[in-house]
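Keep the viewer open as you read.

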Amino acid sequence: MHVHAYEKLWLALAIVLILLLIGSVTYGAVGPGIAMVADSQDPVDPQALDEDDRFAEPRVEQVGEDEYAAYVEAYQFGFDPDPIVVPEHSTVTFYVTSPDVIHGFQVVGTNANTMVVPGEVAAITVEVTEPQVYGVVCNEYCGSAHHAMEGTFEVVS
Ligand code: CUA
């Protein structure tokens, strides 16, 4: 088969583009500075959250001098605990899971935002300063009352 030089060039360009794409995807998955949601967290049985140390009692736990862990359940249609309360000037890691369907967990007005997948534990860490009340919303469509799925995150003095 005879292939024109011009076509060869385009073929070569297409192959280079494909390799670049594969490279960027691979780099994104394993590269520095990027943590895949739930990759480092142990999975959880969404049908048996009440038997899991982390989620049997959704709560805020002090884990260091100024460090807190918030174990949060996102369910149809709300968040538990609600409100999530932490002291000012602290570092808070939210561990969020779902017993039913995919939800979102976003602290309104901040970049704390993650998808919540049944069976997985999403972890996000934030630093809080002054006392403030934030809304928490679900931004994945999860059923008839998705729009009403709201919670509260309170930073108190
Ligand atoms: Cu939960 Cu939308």
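## A pair across two strands

Start with Phe105, which stands opposite Thr114 in E7. Strand E6 (residues 103-107) and E7 run antiparallel, with four bridges joining them. Strands here are DSSP runs of E, at least two residues long, and helices are runs of H or I of at least four, all numbered from the N terminus. Two strands pair if DSSP finds at least two bridges between them.

A word on the source: this is a predicted model, where local features need pLDDT of at least 70, side-chain atom pairs count only at pLDDT 80 or more, and totals for chains, interfaces and linings use all residues. Residues are numbered from 1 along each chain as its sequence is written.

## The sheet around it

E6 and E7 belong to an open sheet of five strands, ordered E4-E10-E9-E6-E7, with mixed pairing. At the edges sit strand E4 (84-87) and strand E7 (113-116), each pairing on one side only.

## Val155 in E10

Now hop over to Val155, found in strand E10 (residues 150-156). Why does Val155 count as buried? Because 20 other C-beta atoms lie within 10 Å of it; the cut-offs are 20 or more for buried, 12 or fewer for exposed and partly exposed in between, with C-beta atoms placed from the backbone.

Leaving out residues up to four places away in sequence, Val155 touches Val86, Glu88, Val128, Pro131 and Gln132 (contact means C-beta atoms, placed from the backbone, within 7 Å).

## The whole chain

Overall, the chain has one helix and 10 strands. Of its 157 residues, 26% are buried.

Definitions and conventions. Two residues are in contact if their C-beta atoms, placed from the backbone, lie within 7 Å.
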